[in-house]
Amino acid sequence: MARRSRVPVNDDRALVIRDLHVAPAADPTHEILDGIDLTIRQGEVHAVMGPNGSGKTTLAYALLGHPAYKVTHGQIFWKGRDITKLSPDKRARLGLFLAFQYPTSIPGLSVASFLRTALNARKRPLDISGDGHDPSDMTRGGISMGAFRKLLTETFEQLAIDAAFATRYVNEGFSGGEKKRLEMLQMAILEPELAILDETDSGLDIDALRVVAEGINRMLNPHLGVLLITHYQRILDYITPHQVHVLGRGRIIKSGGPELARELEKSGYGPILAAAGLEADARDEAEAHEAATTAGAA
Ligand SMILES: Nc1ncnc2c1ncn2[C@@H]1O[C@H](COP(=O)(O)OP(=O)(O)OP(=O)(O)O)[C@@H](O)[C@H]1O
Ligand SMILES: [Mg+2]
């Protein structure tokens, strides 16, 4: 039975996901998400955890309208508007943002040009057609070079990123941690109202994790809702979630407060999966063991 959210779909400050079923576009009969109900209000942080392959990234992609995924049933509402069929660029212009688990490189495009183009595209109102607004032209709605440079310099400093990155090609030759920081840089520049962070903490060293977590904390505001996908309790020591949800085989099998993440760190997914009638596979057990060992060592 799908758990029904009580929040009305026309809540003008919330992302409301209703009984969402999602399958790969190439294989629409094979559903990965099997009825997700979730509401994230602006100003709230929701952590989503769950074993490998449980559907976390699929949820992130479906929310942003990735063409490789098809919503086979259910709906997504953002600020009272049904966005289930909206294109990814329109969702981004409505304030949705996704920090990728595996960011791709774009050889030939500098970080600075990429960010400026993205910012101008983001600012372009949804209802304005070709005439009038030109995001590349500051006299017709775009950001001026001076203002952009100032914004970029400030944001680089906040996230402790070397200014030399501005002229490098997007993610080309970046280390894992540098890629994750660039995702945070994009978020800081684009100022989303609903940010989905897919394992932004994975692959960061301890100092980088603190810088990134503090950066996210600074970005938190009453207009920003966050869906934070993570495998580790550690980032939640910095960013306190309003709620923690556990995904298992494409469903939310348990929701709770921050203590749920601590419980998972101790006991792994086994007990929660078992209680939901799902069996933990060997990989879950190994992960639980690793998590418990890490927690014990910390
Ligand atoms: N485009 C696709 N075509 C076929 N199967 C897919 C596709 N995308 C995802 N899947 C499958 O759906 C399941 C969920 O994948 P997903 O990437 O959402 O998991 P995840 O929870 O993010 O895992 P991880 O913790 O490893 O990042 C996996 O079994 C995956 O192989
Ligand atoms: Mg994933």
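A residue counts as buried if 20 or more other C-beta atoms lie within 10 Å of its own, as exposed if 12 or fewer do, and as partly exposed in between, with the C-beta atoms placed from the backbone. Keep that handy for the whole tour.

What you have open is a predicted model, where local features need pLDDT of at least 70 and side-chain atom pairs count only at pLDDT 80 or more, while totals for chains, interfaces and linings use all residues. Residues are numbered from 1 along each chain as its sequence is written, and chains are lettered from A and ligands numbered from 1 in the order in which they are written.

**The whole protein**

Start with a cartoon view. The protein has 9 helices and 12 strands; helices (H or I, at least four residues) and strands (E, at least two) are DSSP runs, numbered from the N terminus. Of its 298 residues, 37% are buried. Two residues are in contact if their C-beta atoms, placed from the backbone, lie within 7 Å. Take the contacts between residues at least 6 apart in sequence: 68% of them join residues at least 24 apart.

**Stop 1: alanine 213**

Select alanine 213, which you'll find in helix α6 (residues 206–219). Is alanine 213 buried or exposed? It's buried, because 20 other C-beta atoms sit within 10 Å. Leave aside neighbours within four places in sequence, and alanine 213 is in contact with Ile235, Tyr238 and Ile239. Now pick leucine 236: its C-alpha atom is 8.8 Å from that of alanine 213, although the two are 23 residues apart along the chain.

**Stop 2: the core**

Next, go to the largest nonpolar core. A nonpolar core is a set of buried Ala, Val, Leu, Ile, Met, Phe, Trp, Tyr and Cys residues joined through C-beta atoms within 7 Å. This one has 72 residues, and those touching the most other members are Ala60, Ala62, Leu63, Met184, Ala195, Ile196 and Leu228. Strand β1 (residues 14–24) gives the largest share of this core, with 7 residues.

Zoom in on leucine 63, in helix α1. Leucine 63 is buried, because there are 28 other C-beta atoms within 10 Å. Not counting residues up to four places away in sequence, leucine 63 touches Ile76, Leu96 and Ile196. Draw a C-alpha to C-alpha distance from leucine 63 to phenylalanine 97 and you get 9.5 Å, for a pair 34 residues apart in sequence.

**Stop 3: ligand 1**

Which residues are around ligand 1? Select Pro24, Ile32, Gly50, Asn52, Gly53, Ser54, Gly55, Lys56, Thr57, Thr58, Ala68 and Gln101. A residue is near a molecule or strand if its C-beta atom, placed from the backbone, lies within 6 Å of it. This shell divides into 3 nonpolar, 8 polar and 1 charged. Here Ala, Val, Leu, Ile, Met, Phe, Trp, Tyr, Cys and Pro count as nonpolar, Asp, Glu, Lys and Arg as charged, and the others, Gly among them, as polar. Helix α1 (residues 56–64) supplies the largest share of the shell, 3 residues.

**Stop 4: two loops**

Most residues other than glycine have a negative phi. So here are two to look at. Alanine 160, in the loop between α4 (145–158) and β8 (169–170), has a positive phi of about 50°. Alanine 160 is partly exposed, with 14 other C-beta atoms within 10 Å.

Now jump to arginine 249, in the loop between β11 (243–248) and β12 (251–256). Its phi is positive too, about 45°. Arginine 249 counts as partly exposed, because it has 18 C-beta neighbours inside 10 Å.

**Stop 5**

Glycine 43 is in the loop between β2 (33–41) and β3 (45–49). Beyond neighbours within four places in sequence, glycine 43 is in contact with Pro222, Leu224 and Gly225. Select glutamate 193 as well: it is 150 residues from glycine 43 along the chain, yet their C-alpha atoms are separated by 8.8 Å.

Finish with threonine 104, in the loop between β6 (96–99) and β7 (106–110).
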